[in-house]
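These are my notebook entries from going through one model. I put down what I looked up and what I found.

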Amino acid sequence: MPQLAANQLIGANFSFQHFPFEWVAEMIRGFGVCEIELWGIAPHLDLFHATDARVDFVRRVLADNGLSTWCFTPEQVLYPINIASGDKDFRRASIERFCRAADICATLGARYLFLTPGRGYENEAAEQAWPRAVDALVEVAQHADRIGVRCLLEPLQRFETNIVNDAAALRHMLDQIGADNVDIVLDTVGMATAGDTVADYINLFGSRLAHVQLVDGAPAGHLVWGDGSLPLGRYVSELARSGYKGKITFEPFGNGSYALDPVKAWTRCLAAIEPYLNRSAVPA
């Protein structure tokens, strides 16, 4: 069975939002990982309260627990942030917050800033919002590049955005952005709901595919492995067979109940992926 190198698996604070960050870092350290995807949620590190002091606090907590930040993922779907908004002042403020997020990445030593395309008004054609999204992503990516930070870009489900919902549209947007420091995210629920496959992502993006969020669904749901019907084991094997060198993590949200006991939710996911990891291999 094709396997990924064990150190391609990283942790994340998804579902941990109702716990203090010091405790969260200790729990993630206990998972046996050394890198995380840091979700920018309150009270951990959201963009509305990310003072220099707070960023330094998070940096120190991570360091004390032997954790480094692979990517910083500010909340950008539920929060009042929209880089593609038709309201020019709202959009400008959103872009500026994401430039600040790139600065936070640099302070944390994160390799990546996680981005999504924003959303247009529902009573306008998607074609009107598209250039607003592209221009915003170009601006953020250029700012990030100047300070040595790369970016990740993820498509979203239709209820989350009306701009980029599938791999083909994502490829088109990546080409229009034209930035060498932007790589791609594969979210297994987003992939499944769009009717895409792992092979589609490999063929369209090759080595630009750098981050995978592995979640179960039916096909939607962002569930713990085994609570949905997606063939997650097959997805992981396909990634391994393709020579995938990026990172992989879990994003269990469900109906909110996972947040009552996130350690249990993550423990189930970690046990499920273990047969697909080679603990003696290190990716080239």
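At what angle do the axes of helix α2 and helix α3 cross? I started with this pair, and I note first that the model is a predicted one. Helix α2 covers residues 52–64 and helix α3 covers residues 88–108. Their axes come within 10 Å and cross at roughly 40 degrees. I took the angle and the distance together, because two packed helices are described by the angle between their axes and the distance between the axes. Angles under 35 degrees count as roughly parallel and those from 65 to 115 as roughly perpendicular; α2 and α3 are therefore oblique to each other. I also noted the hand of the crossing of α2 and α3, which is right-handed.

Next I listed the residues that meet. From α2 they are Asp52, Val55, Val58 and Arg59, and from α3 they are Arg100, Ile104, Thr107 and Leu108. Sorted by class, this contact of α2 with α3 holds four nonpolar, one polar and three charged residues.

I then looked up helix α5 (residues 167–177) and helix α7 (residues 198–205). Their axes come within 10 Å and cross at roughly 15 degrees. That angle makes α5 roughly parallel to α7. The crossing of α5 with α7 is right-handed. On the α5 side I wrote down Ala167, Ala168, Leu170, Arg171 and Leu174, and on the α7 side Tyr201, Leu204 and Phe205. By class, the contact of α5 with α7 has seven nonpolar residues, no polar residues and one charged residue.

**Entry: the cores**

Which residues have the most contacts inside the largest nonpolar core? I found Leu113 and Met173, in a core of 94 residues. Helix α4 (residues 126–146) gives the largest share of this core, with nine residues. As background, I noted that in soluble globular proteins nonpolar side chains tend to be buried together.

Setting aside neighbours within four places in sequence, Met173 is in contact with Pro117, Trp130, Ala133, Val134, Leu137, Leu153, Ile163 and Val164. There is also a second, separate core of eight residues, and Ile10, Trp70, Cys71 and Val185 are among them.

**Entry: helix α8**

Which residues of helix α8 are buried? In α8 (residues 232–242) I listed Leu232, Gly233, Tyr235, Val236, Ser237, Leu239 and Ala240. These buried residues of α8 pack against β1 (4–5), α6 (188–194), α7, β8 (209–214) and β9 (247–250). Just after α8 comes Gly243, whose phi is positive, about 85 degrees.

**Entry: Ser15**

Where is Ser15? I found Ser15 in the loop between β2 (11–12) and α1 (21–30). Is Ser15 buried or exposed? The relative accessible area of Ser15 is 1%, and buried means under 20%, so Ser15 counts as buried. Ser15 has a positive phi of about 80 degrees although it is not a glycine. Not counting residues up to four places away in sequence, Ser15 touches Trp39, Pro252, Phe253, Tyr258, Ala259 and Pro262.

I looked up His222, which lies in the loop between β8 and α8. Phi of His222 is near 50 degrees, a positive value in a residue other than glycine. At 11% relative accessibility, His222 counts as buried. Pro219 is in the loop between β8 and α8 too. A cis peptide bond joins Ala218 to Pro219, with omega about -10 degrees.

I wrote down another cis peptide bond, from Ala42 to Pro43, where omega is near 10 degrees. Pro43 sits in the loop between β3 (35–40) and α2.

**Entry: Arg119**

How far apart are Arg119 and Asn82 in sequence and in space? They are 37 residues apart in sequence and 6.4 Å apart in space, taken from C-alpha to C-alpha. Arg119 is in the loop between β5 (112–115) and α4. With a relative accessibility of 26%, Arg119 counts as partly exposed. Leaving aside neighbours within four places in sequence, I listed the contacts of Arg119 as Asn82, Ala84, Ser85, Arg158, Phe159, Glu160, Thr161, Asn162 and Ile163.

Terms used. Residues are numbered from 1 along each chain as its sequence is written. This is a predicted model: local features need pLDDT of at least 70, side-chain atom pairs count only at pLDDT 80 or more; totals for chains, interfaces and linings use all residues. Side-chain values use heavy atoms; hydrogens and water are left out. Axes are lines fitted to C-alpha atoms, for helices over the stretch in contact, and angles run from 0 to 180 degrees between N-to-C directions. Helices (H or I, at least four residues) and strands (E, at least two) are DSSP runs, numbered from the N terminus. Angles under 35 degrees count as roughly parallel, over 145 as roughly antiparallel, 65 to 115 as roughly perpendicular and the rest as oblique. A crossing is left-handed if the near helix is turned anticlockwise from the far one by less than a right angle, and right-handed if clockwise. Contact means heavy atoms within 4.5 Å. Ala, Val, Leu, Ile, Met, Phe, Trp, Tyr, Cys and Pro count as nonpolar, Asp, Glu, Lys and Arg as charged, and the others, Gly among them, as polar. A nonpolar core is a set of buried Ala, Val, Leu, Ile, Met, Phe, Trp, Tyr and Cys residues joined through side-chain atoms within 4.5 Å. Buried means under 20% relative accessible area, exposed over 50%, partly exposed in between (1.4 Å probe, protein chains only).
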